[in-house]
Number of protein chains: 2
Amino acid sequence: MTLDEILPDLRRQSVDARHTETGLWAASMLRERISAGQLAPGAKLSEEPLCEVLGVSRNTLREAFATLAREHVVTRIPNRGVFVTRPTADDIREIYRVRRFLESAALTWSTSPTTDALHAAIARARAARDVGSVPGMASANQDFHAGVVALTGSDRLNAQMTQVLAEMRLVFHSMVANPLFHAPYIDDNAVILDRFEAGDRPAAAALMVDYLRRAEEQLLEAHSRA
Amino acid sequence: MTLDEILPDLRRQSVDARHTETGLWAASMLRERISAGQLAPGAKLSEEPLCEVLGVSRNTLREAFATLAREHVVTRIPNRGVFVTRPTADDIREIYRVRRFLESAALTWSTSPTTDALHAAIARARAARDVGSVPGMASANQDFHAGVVALTGSDRLNAQMTQVLAEMRLVFHSMVANPLFHAPYIDDNAVILDRFEAGDRPAAAALMVDYLRRAEEQLLEAHSRA
DNA sequence: CCTACCGAATTGTTCAACAATCCTACAAGC
DNA sequence: GCTTGTAGGATTGTTGAACAATTCGGTAGG
């Protein structure tokens, strides 16, 4: 999907928008579109048409670009422009490196033992699987892993995890989505949660590392084909 | 001399000559001053005089502010202005929460066993202690802990650690610096490194958590007095 | 002493202009 | 045929000025 195709859509959402912090608002609008896959990886985000459609000035739009670039959602090439990031194989390895550290550390040293959100995420994933909803499974799966890091109670670690999961969505969009990708991992999550609640944190962490290694391998394999 | 041989050299020069990103350049100038303590926490960064001094326009300066705000180095209050962040007690707790996770996880699961940088940092710290240089001890100590996270080989985790250490400098600047703060921790670092190299990673991680808890407590105590 | 209001100063945002850089195409030379 | 050089046009990088919105300090009035 190209930029031109979603321009009318964006225009509709931005007609009567009065906001303080316009730059952050513009960033969130673009982030939404990119997360949803309406702006595919590699797409060029030209300043002029976007300004016109969002109803902001070029300066404000550039603030939004700076925000998104810092989140690795968008890549800025000097004097060339801004593009939706197209994750490389190295990016995938880096993302999973971060996830292995963050998630296994959270399972090992977290202090908050409230796992309601994790149970809810697993329930949502199973419901989505029963209905055959791939986006539903993907979303619920991300909620589970975000919830694991939320056990740390740290805003900054949560922010980093949120960012990495946003990059994960880019990875999914940049390759042919295998409809069956998420399904087998749902029960893995359940086992990890079970071990964690049984008090066997090392086992939970080890299972998580194993899970993430398998997922990484599968994504790298798919990436090399694309 | 062939083309390939001089390519890296050329690239290095062109990177250095990159004044083409004025916003980032201005941000780094301010970051330097703040890190060095020349701009104390709580100081107001008025736009107009800064523009004049840095020789950039207000728009460019605001891009720099946006960058620093995302790094928590600077706090933006709408319609009031931009201030050097004054860390709160909660900030200190959050910083140490992140450090405990990042550093103990690095000691537990790191793959790279090259500890040269860590030995060098300890040596620098001891040399600074012998000379009685407090900034030298602080800097070397930060190098050691940054090096621990560098064991992960992850750019993103390194970036997060760098950011958190920058916030640590703000913490130090915002309270009366105790000249003896760093000294007792130097040998703790050495013990942690020793356990790590002996292959006893759980012990190294546990010592690190203990170290960070003591440092946090000490800083919180000092903060409550200020 | 407190409150309401007014004006100065500062920030938030936009606009228009210019400089610097890159892309495309096309001609010239080996 | 392939590379190299050279316009021209388009896009980005940066600036300066303008105006709206908001805050702050002082002051008159109760």
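This is a predicted model: local features need pLDDT of at least 70, side-chain atom pairs count only at pLDDT 80 or more; totals for chains, interfaces and linings use all residues.
**Ground rules**

I number residues from 1 along each chain as its sequence is written, letter chains from A and number ligands from 1 in the order in which they are written.

**Entry: the domains of chain A**

I looked up the domain assignment of chain A. It gives domain 1 (3–84) and domain 2 (89–225); such bounds come from an automatic or database domain assignment. The C-alpha centres of domain 1 of chain A and domain 2 of chain A lie 28 Å apart.

Next I checked where they touch. I found 10 residues of domain 1 of chain A in contact with six residues of domain 2 of chain A; contact means heavy atoms within 4.5 Å. The two domains bury about 660 Å² between them, with 62% of it on carbon and sulfur atoms. Buried area is the accessible area (1.4 Å probe) that two parts lose on being put together, summed over both. In domain 1 of chain A, the residues that lose the most area to domain 2 of chain A are A:S35, A:P41 and A:H72, together 57% of what that side buries.

I then searched the interface of domain 1 of chain A and domain 2 of chain A for salt bridges and found zero. The rule asks for a side-chain nitrogen of Lys or Arg within 4 Å of a carboxyl oxygen of Asp or Glu.

**Entry: the strands**

I turned to the sheet of chain B. Three strands form an open sheet in the order 1-3-2, with antiparallel pairing. Its edge strands are strand 1 (44–45) and strand 2 (74–77) of chain B, each pairing on one side only. Strands here are DSSP runs (E, at least two residues) and helices are too (H or I, at least four), numbered from the N terminus. Two strands pair if DSSP finds at least two bridges between them. In chain B, B:L45 has B:V82 of strand 3 as its bridge partner.

In chain A, two bridges join strand 1 (residues 44–45) to strand 3 (residues 81–84), and these run antiparallel. I noted A:F83 as the bridge partner of A:K44. Strand 2 (residues 74–77) of chain A is joined to strand 3 of chain A by four bridges, also antiparallel. There A:I77 is partnered by A:G81. The hairpin of strands 2 and 3 of chain A has three residues between the strands, and A:N79 takes a positive phi near 65°.

**Entry: chain B against chain A**

I counted 30 residues of chain B in contact with 29 residues of chain A. The chains bury about 2800 Å² between them, 55% of it on carbon and sulfur atoms. On the chain B side, B:F101, B:W109 and B:R156 lose the most area to chain A, together 30% of what that side buries.

Which charged pairs cross over? The rule finds seven salt bridges across the interface of chain B and chain A. One of them joins A:R62 to B:E63, with the closest N and O atoms 3.2 Å apart. Helix 4 (58–70), helix 5 (89–109) and helix 8 (155–173) of chain B each supply at least two residues of the side that touches chain A. Helix 5 of chain B gives the largest share, 10 residues.

Notes. Side-chain values use heavy atoms; hydrogens and water are left out.
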